[in-house]
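Student: I am new to this structure. Please show it to me, and then I will ask.

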Amino acid sequence: MLFILTNSQDATASYLVSILENSKIPFLRLDTDCLLSKIAITYSNGKPGIKIDGRWYNEADVDCIWYRRPEQLKDARFDDSAESRYTRSEWTEFIECFFAHVPIARWMNHPARNALASRKLEQLTTAVELGFRVPDTLATQEADELKQFYSSHSGRVIIKPLSNGYIERKGDECDSLIYTNRLTENHLSKLEDLKVCPALFQQYILKQSDVRITVVDSDIHAVKLRADDESGAQRCDIRRNNMSDVAYEIISLPENVKDCVRKLMKHYGLRFAAIDMAVSVNGEWYFFEVNPNGQWAWLDLSASTNIAQSFVKSFSKTDAFRHEFLDSKMAR
Amino acid sequence: MNTSFILRFQEDCRDSEIKNVSSGTKTITKARAESSDSDWDRSYGAMRRDSVMAGTATRTFAGGEGSDNDKDYQIFRGRPANVNPVAGTQTQTRVSAEAPDEDRGANQFCTIPSCFSS
């Protein structure tokens, strides 16, 4: 049985579920925001169990867990009281304890693996070690360091957020976005605010195109993304303009890049990842970052990839492998 | 606070984008467009990300030895549901949209976000 851990508003899960329904893969979608009303948990002397919709499952029934976007547990019985928070915490722990019995290899991906693969600066360090080319990078809060970096790259420098690019405000206040931006001389005239918080700067890569690489086990899907800025060059941040003007093209990766991608997956122990790269105007491939739980369904819909089928294949294999394994055990 | 260097580059979310996010490709590109490619909750690290732990629990344990439970382990779980980091107030309109790349729980070692993160 494939268990899908997510929330009820996860459109990516809904997209794949609609495809899984036409496959022979048995699955259960567990939306953590409406889960508690239909489950029960048991544990007795090393035997964990979870009852879902009236049927009991043990850890051996879990062929694979697709870890998508579970949210905080919700239940009508919970309010904002300390007791409710505590009860919810206990519930969370019980459910996690059940899933903790499922070996990491059966997760796509295990959240711990996602966590380890999620630090942008560490990703860059690792990527270089694995053979990727990465842009020159500087994280600093020192004005002089930034000026020197800017000068050494002849003013071709970008700034991008390290954690995320979204500033959320309360109520009706307009939220803000921070894209990847070119740095200009003007920005460097006063740098007192750089002291307040470090910022991430990189060599600006004059791009031919961006490339989104989606890996599902052994399947690698690569898509070239093209979108022009005002000058006709590839846009600094492809996400601008709501991506409405992006042209998609499915491509094959060069063998050396493919090799690096495989090494990256192995290094972090990931079965799934969405990797952002770019091809420079000189034909050099640059690694930007890896999103261990990134999005992919938009590519199936916008670029005509068939990433969903790769998931189906992976989940089928897991299922077949598990049954084969159990059969052989029983035969012994 | 509007003082750090990176904040100079913030831009308002455009209403026109928000209104066009209900379904289909546009929705998905919207989701992609507004996502940064990194994770939201990095609080499993050494430094706590917000003031969650500065509250009652911290004060309770201030005078003595803390509990065996690592509270940080609790708070490195994700943010509460419906606080959509990309869509913000657009949560409802993005119901059928693909979520952003950012996995708010990606830096958790836990399976399910806990209530301590809210």
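Student: In strand 11 of chain A, which residue is the bridge partner of Ile167(A)?
Tutor: A word on the model comes before the answer. This is a predicted model, where local features need pLDDT of at least 70, side-chain atom pairs count only at pLDDT 80 or more, and totals for chains, interfaces and linings use all residues. Residues are numbered from 1 along each chain as its sequence is written, while chains are lettered from A and ligands numbered from 1 in the order in which they are written. In strand 11 of chain A, the partner of Ile167(A) is Ser176(A).

Student: How many bridges join strand 10 of chain A to strand 11 of chain A?
Tutor: Strands here are DSSP runs (E, at least two residues), and helices are runs of H or I with at least four residues, numbered from the N terminus. Two strands pair if DSSP finds at least two bridges between them. Strands 10 and 11 of chain A run antiparallel, and the bridges joining them number two.

Student: What order do the elements of chain B follow from the N terminus on?
Tutor: Chain B has four helices and one strand. From the N terminus on, they run β-α-α-α-α.

Student: Which residue in the turn between strand 3 and strand 4 of chain A has a positive phi?
Tutor: Six bridges join these two antiparallel strands. They form a hairpin with two residues between them. The phi is about 45 degrees, and the residue is Asn45(A).

Student: Which residue in the turn between strand 4 and strand 5 of chain A has a positive phi?
Tutor: Three bridges join strand 4 to strand 5 of chain A, again antiparallel. Two residues lie between them in the hairpin. With a phi of about 50 degrees, the residue is Asp53(A).
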